[in-house]
Amino acid sequence: MASPVHQFEVHPLVPIQIDGIDVSFTNSALFMAFAVAFSYAFLTLGMRERSLVPGRWQSMAELVYEFIAGMIRDNVGKEGARYFPFIFSLFMFVTVGNFLGMMPYSFTFTSHLVVTGALALTVFIGVTIIGFSRHGLHFLRLFFPHGAPIATAPILIPIEMISYLSRPFSLGVRLFANMTVGHIMLKVLAGFVVAFIVKLGFFGGVVTGIVPMAAVVGVTILEFGIAFLQAYVFTILSCIYLNDAINMH
Amino acid sequence: MPQFDPSSFPSQLFWLLVSFSYLFFLMSRYALPRIAEVLGERQKRIDDDIEKAAQLKTQISTAAQAYEKALADARAQAQAVFRTSQEEINGQAQSRNQEVANRLAQQISAGEARIAASKDAALSQVREIAAGAAEAVVGKLTGLSLDEANLKKAVNLAIGELGQ
C-alpha cells in the first residue's frame, strides 16, 4: 500500500534545467497553473455579461471581490486599497490551491512548506518595506507601544521583536501543517478500509470498513471547511500585518 | 516526507514565482478592474436613481405647495366676494330701512299735524258749545243775559285750567 505521504511527492512532468538548477515543470507546477487558470476563468467568465443585476455566477465573482475588499477596508482602511490586487491574488491562489487539493489524485501545492513559507515571507518582507518606507525609523516604535512604562522596555522590546519576526513562520507553517495533516488523515483513514478488506476478506472488510469510511466522509467535510478557513486566516493575517505597517498601532 | 526534500525546492519556488506573478498580473490588469467597473456602474446607477427620486420628491412638494397656495387664494377670493356682497346687501337694506323710516316719520308728523288741527277745531267748537251752554244755564238760573266778551273770557279760563 502507498505511504500516506506519497501524495505529497513532487515529480517532474517536463524536465527543465536552467544553469544546472532543476526547475522542471512538476505536478506541483501543473496545479499552480490550474489555480491561476481557474481563478482567471472564474472571475472573467463570471463577469462577461457585466449585468446590472447579476446572475448566479456573476454574483459569486462579485461576492469574492466584495469579501476581500471588505476585509481590507475593515482591517487596513482606505490606504489598503493600493494593495487590494495583491491581497486578492493571495486569497485566490491559496483558496483555489486548497480546494484543488481536495480532488482525488490531485496535488495540493499549499501542503508544501517551501510554497507557503515563500508566500508568507513575501508578505512579511513586503509589509516590512512598506512600514519603513512610510514611517522611516519611527516604524521601530512598533516594538515599543505607546503608553507602556519605560521600565518594561527591556522585556517588552525583545518580546515584540520575536513576535514580529516569527510572523512569517507562523503564517507559513499554519497553512502547510493544516493542509498536510488533513490530507494524511484522509489517506490513513481511507487506507484502513483497504487494510480491513485485505485482512478480513471482502465481506468482513466492507462491514467493518463502514466505521473508517464514515470518518473519511466526516473528515472530508471538515477538510473543505479548513480549505476555506486557512485561506481566510492566511489572508486576514496578511491584512493585519499590512495594517500594522500602514497605521502602526 | 517529501516536504523536507530540498531537491524539489528550486522548481517549486520557480513555478510559484511564475504562476503567482502571472496571477497577480491577470487579476490587477484584467479581472479586478472589470468587476470594479461593473460594481461602480451599479453604484452610479443606484446613486442616480436616488438623486432622481429626490428631485421628483422636491417637485412633488413644490406642486403640493402651489396647490395649497391656489386653494388658499381661491378661499380668500371667495371670502372677499362674500364679504363685499354682504356689505352691499347690508347697505341696500340699511338705505331701504332709512327710506321706510323717513316715510313713516313723515306720515307720523303729517298725522300728528292733522290730529293737532282737528284738536284745535274741536277745542274751538267746545268753547262755543261751552259758552252757549253757560249762557243758557246762567239765563235759566238767573234770567240775566251775559256780556259775550266776559263769557268767552271765563270759558277760556276754565278750559285753560282743565287743560293744565
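Contact here means heavy atoms within 4.5 Å. By that criterion, 33 residues of chain B are in contact with 46 residues of chain A. Before I continue, the conventions: this is a predicted model, in which local features need pLDDT of at least 70, side-chain atom pairs count only at pLDDT 80 or more, and totals for chains, interfaces and linings use all residues. Residues are numbered from 1 along each chain as its sequence is written, chains are lettered from A and ligands numbered from 1 in the order in which they are written, and side-chain values use heavy atoms, with hydrogens and water left out.

I turn to the interface. Chains B and A bury about 3,700 Å² between them, 78% of it on carbon and sulfur atoms; this is the accessible area (1.4 Å probe) that two parts lose on being put together, summed over both. There are 2 salt bridges between the chains, a salt bridge being a side-chain nitrogen of Lys or Arg within 4 Å of a carboxyl oxygen of Asp or Glu. One salt bridge joins the side chains of Arg50(A) and Glu37(B), at 2.8 Å from N to O.

Next, the form of chain B. Its C-alpha atoms fill a box of roughly 190 × 30 × 15 Å, taken along the principal axes. Of the 164 residues in chain B, 14% are buried, that is, under 20% relative accessible area (1.4 Å probe, protein chains only).

Finally, one residue of chain A. Why does His183(A) count as buried? Because its relative accessibility is 5%. Its contacts, not counting residues up to four places away in sequence, include Gln7(A), Phe8(A) and Glu223(A).

How values were computed
Buried < 20%, exposed > 50% of the residue type's maximum accessible area, 1.4 Å probe, protein only.
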